Amino acid sequence: MILFRNVRIVELEPPSVSELTDVAVYEPGEGEAAGTVAATGPRLHERFPSATVAGDGGYLSAGLVCGHTHLYSALARGMLVDIAPSKDFAQLLAHLWWRLDRAIDPEILKASALTGCADALKAGVTCLVDHHAGPECIDGSLSIIREAYETVGVRGILCYETTDRNGMAGAKAGVAENLRFAREVDALRSSGAKPLVDASIGAHASFTVGNETLESLADAVRTTGRGIHIHLAEDKFDAVDARHRFGKDPVERIEAVGALNDRSIIGHGVWLCPSEVDIVNARGAFLAHNARSNMNNAVGYNNLLPAFRNVVLGTDGMGADMLEEFKFAVFRHRESQGPWWPGDFLKVLHRGNELVGRYFAQDFTSAARCASDNGDVHGARDFPGFGTVKEGAPADLVLWDYDPPTPLTGDNIAGHFAFGWSSRSARTVVVAGALRILDHRPLYDDANIQALARKQALRLWKRMEER
Ligand SMILES: [Zn+2]
């Protein structure tokens, strides 16, 4: 058992900052309730005298969630590759990103995923939702990424971004990899394990997925019970193409094959129209907003953001620092003169937990039910969901050593996030009850992960020059 003493619990939704208290956590292997918050309250060391103290003082919150990223781009930082100038987004994909994803091989993928996961933990991010591409290394790729998640110890949802752009054999291989990986996770659950990584069904974007592939993806969504994870209308071109070639809006295409549900993740959606927002909302699907990436690719601003019911924040592969992403989201919205305040974006940042819950809550509710049937006292606990520091909640936690220069209360957490609080104060990080970073010191082999990443980055850049 781990104990945090004399901490103030920070909840993002509804926002609050507690009085000084203690928080006890069941570590992996500690029975049915392993990986959850055991108790909160004063003087817990008296109740749990053998618990290891993991922190004394500071602010304790649930871990942050990145709702959309691409770990395959982790080795793109500072790339020294000859990239032709691009006149538009489609050219940018062809000149840069589609050369990068074709250059990925198993070693590069492993190094990329390891460093991306390590980066996330150091920023207080405990769950990364990944959207993977690597057309020359499809089969088994999601298992390589899963291994990296487990080595570093991050929670996540993985998929392969299926596309027709490399031929129909490539498209079939993409669907097959999504199916294979979902079954791998299902087998883990059947064996009684609580997987750290789940599966979704990935597709690149409307403009690179024809009707035949879309039908296969819809089948995969139905057979696996997962959600589709796809880029839609990131650039205006994607929306125009859907209407021009298929006579439908991008969201209508997904809806028409029955692939839209409350586990779906739509990346960007910058150019979706109000009737599409209505469909997304009616299905309870998530919109992953990536403000910084949209700015970098000059694809425009999502002015309909406040109309979506379930907005989450993603980085689209630009690291995994969600407090930095939060700031970009707030300031870009302010610049667009939109109606949202930082407090609205705090709800959006927190909503990533709802997405995580739609994939992982089953592991906690069934454990509680099972324990209850056996008369275990823990079974009587309700499952409070992800994204909160309450008894029975998943122990994905961050202890921050933020020392606020102005009073911090529930009413101004968003203001502190927007104007000061940064990921550098993520001091101790716990995922699924396991300590992963203690007092800023990673408990995984961070130096080796970064050294491997630098070595594989050189290989990746060289292979890009050959493509
Ligand atoms: Zn993306």
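This is a predicted model: local features need pLDDT of at least 70, side-chain atom pairs count only at pLDDT 80 or more; totals for chains, interfaces and linings use all residues.

Me: What is the bridge partner of Cys66 in β7?

Reply: Strand β7 covers residues 125-130, and β6 pairs with β7 in the parallel sense over 4 bridges. β6 is also mostly covered, with 6 of its 6 residues buried. Within β7, the bridge partner of Cys66 is Leu128.

Me: How does the protein divide into domains, and how many Å apart do the C-alpha centres of domain 1 and domain 2 lie?

Reply: The domain assignment gives domain 1 as two stretches, 2-63 + 363-442, and domain 2 as 64-351. The C-alpha centres of these two domains lie apart by 28 Å.

Me: Which element gives the most to the side of domain 1 that touches domain 2?

Reply: The contact takes 25 residues from domain 1 and 27 residues from domain 2. On the side of domain 1, α13 (413-419), β16 (426-431) and β17 (434-438) each supply at least two residues. With 5 residues, the element that gives the most to this side is α13.

Me: How many nonpolar, polar and charged residues does the side of domain 1 that touches domain 2 have?

Reply: Sorted by class, this side of domain 1 has 15 nonpolar residues, alongside 6 polar and 4 charged.

Me: Which residue in β17 is the bridge partner of Val429?

Reply: Val429 lies in β16, where Val398 stands opposite Val429, and β16 pairs in the antiparallel sense with strand β15 (residues 397-400) over 4 bridges. β16 also pairs with β17, again in the antiparallel sense, over 3 bridges. In β17, the bridge partner of Val429 is Ile437.

Me: Is β16 mostly covered or mostly uncovered, and which residue in the turn of its hairpin with β17 has a positive phi?

Reply: Of the 6 residues of β16, 6 are buried, and the strand is mostly covered. β16 and β17 form a hairpin with 2 residues between them, and the turn residue that has a positive phi, of about 50°, is Ala432.

Me: Turning to the whole protein, what is its radius of gyration?

Reply: The protein has 14 helices and 18 strands, and its C-alpha trace spans about 65 × 50 × 45 Å along the principal axes. For 467 residues a compact globule would have a radius of gyration near 23 Å, and the protein agrees with this, at 22 Å.

Me: What percentage of contacts between residues at least 6 apart in sequence join residues at least 24 apart?

Reply: Buried residues make up 52% of the 467 residues. Among the contacts between residues at least 6 apart in sequence, the share that joins residues at least 24 apart is 76%.

Notes
Residues are numbered from 1 along each chain as its sequence is written. The radius of gyration is taken over C-alpha atoms; the globule rule is 2.2 Å times the number of residues to the power 0.38. A residue is buried if 20 or more other C-beta atoms lie within 10 Å of its own, exposed if 12 or fewer, and partly exposed in between; C-beta atoms are placed from the backbone. Two residues are in contact if their C-beta atoms, placed from the backbone, lie within 7 Å. Domain bounds come from an automatic or database domain assignment. Ala, Val, Leu, Ile, Met, Phe, Trp, Tyr, Cys and Pro count as nonpolar, Asp, Glu, Lys and Arg as charged, and the others, Gly among them, as polar. Two strands pair if DSSP finds at least two bridges between them.
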